Amino acid sequence: MDGIAPLARLSSPVYAEGVTSASDIPSDNWVDRLLPAAWRPYARLMRLDRPIGTWLLLLPCWWGLALGWRTGPEAVDLLEIARLYLLFSVGAVVMRGAGCTVNDLWDQDFDRKVARTADRPIAAGAISVRQALIFLVAQLLIGLGILLQLNQTSWMLGVAVLALVFTYPLFKRVTYWPQFVLGLTFNWGALMGWAAVTDTVALPCLLLYAAGIVWTLGYDTIYAHQDKGDDAMIGIKSSALALGARTRPFLWGFYGLTMIGLLTMGWSAELSPLYYLSLAPAATQLAWQAWRVDINNPHDCLEKFKSNRLFGLIVTAAIIVA
């Protein structure tokens with residue numbers, strides 16, 4: 001595998017007109033301008049300079065909170081919901097950082113061989129393995145402090161998801177569908193958000209969770225097309241490699257199932273007709289991705305991937321207004 005490392009590092013797909021750097025670490029942003037030099041590698045390890053992952057982890061939490069609030073106990077007032085939204089928002093930043101730390105610890109050897117990831121802090125040597133482990137423990141302790149502010153059902157769910165957080169990076173070594181495991185992990189917040197309000201797990205939040213999983217299959221397949229060349233060379237598996245030129249019809253399938261899941265959830269939760277009307281822009285946004293994405297253009301794949309924040313915000317608003 002060492003023999004192909006130079007090939008991977010020399011690959012430099014065009015990410016935008018006039019830009020040939022394949023690194024996924026942006027330069028000269030707020031991390032460089034505002035943080036002390038010693039803090040910057042840790043901020044980059046948490047992906048604080050690339051917030052889309054935090055959004056995609058957080059939005060299912062917001063869905064679950066909104067659904068529990070609109071259909072759960074009437075005693076839950078606006079102030080309590082605001083407190084929960086704040087806790088989950090901070091928790092998403094911290095736990096996404098912890099997940100990225102785990103991922104980069106597992107993948108440091110792979111990262112050194114891929115142009116997009118070779119500059120990540122652990123792979124590049126800016127943070128040692130020991131330092132990363134200490135930082136991981138600190139993040140998990142902060143996450144635990146947030147979890148303890150919730151109810152007991154949320155505690156159990158919060159502990160259970162750690163199995164997925166710690167093992168997800170391994171699946172790309174053994175299956176072409178690590179995106180499914182990512183879906184299980186990233187959408188766990190739909191269950192936790194609902195549980196934080198209702199202290200239960202019920203059919204509406206399970207349907208919301210299922211919809212989130214197939215949504216993730218779609219957007220992370222798009223994301224994986226950025227790395228398909230390097231992944232094939234170093235032996236990493238992904239749905240992008242499994243599907244190849246068949247990706248577009250599968251995207252229509254994944255996103256179609258996402259909308260079916262959201263519609264079925266609305267029926268099970270007895271949401272008002274306004275919910276279904278409000279989902280129309282969300283369906284349009286997914287259709288635009290499936291129709292327009294250029295799977296051979298890494299820049300376009302990244303832009304379509306990032307656009308899923310808009311989809312998630314539309315779904316959040318639809319649940320709230322219902």
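**Notebook: helix α11, its neighbours and the surface**

I began with helix α5 (residues 78-111) and α11, whose axes come within 11 Å and cross at roughly 145°. Axes here are lines fitted to C-alpha atoms, for helices over the stretch in contact, with angles from 0 to 180 degrees between N-to-C directions. Helices are DSSP runs (H or I, at least four residues) numbered from the N terminus.

A note on the source: this is a predicted model, where local features need pLDDT of at least 70 and side-chain atom pairs pLDDT 80 or more, while totals for chains, interfaces and linings use all residues. Residues are numbered from 1 along each chain as its sequence is written, and side-chain values use heavy atoms, without hydrogens and water.

Next I listed who touches whom, with contact meaning heavy atoms within 4.5 Å. Ile-81, Leu-84 and Phe-88 of α5 meet Met-192, Gly-193, Ala-196 and Val-197 of α11.

Then I turned to helix α4 (residues 52-71), whose axis comes within 6 Å of that of α11 (residues 188-198), crossing at roughly 30°. On the α4 side I noted Pro-60, Cys-61 and Gly-64 among the contacts, and on the α11 side Gly-189, Ala-190 and Trp-194 are included.

I also looked at the surface. Val-137, Leu-141, Leu-144, Leu-148 and Trp-155 form a nonpolar patch with about 460 Å² of accessible area together. Patch residues have over 30% relative accessible area and no salt bridge, and nonpolar side chains are joined within 5 Å; the areas come from the Shrake-Rupley method with a 1.4 Å probe. Helix α7 (residues 129-147) gives the largest share, three residues, and Leu-144 is found in α7.

Last, I searched the whole structure for salt bridges (a side-chain nitrogen of Lys or Arg within 4 Å of a carboxyl oxygen of Asp or Glu) and found 10. Asp-104 and Arg-47 make one, at 2.9 Å, N to O. Asp-104 sits in α5 and Arg-47 in the loop between α3 (40-45) and α4, 57 residues apart.

Notes: Helices (H or I, at least four residues) and strands (E, at least two) are DSSP runs, numbered from the N terminus. Patches are made of residues with over 30% relative accessible area and no salt bridge: like charges are joined within 9 Å, nonpolar side chains (Val, Leu, Ile, Met, Phe, Trp, Tyr) within 5 Å.
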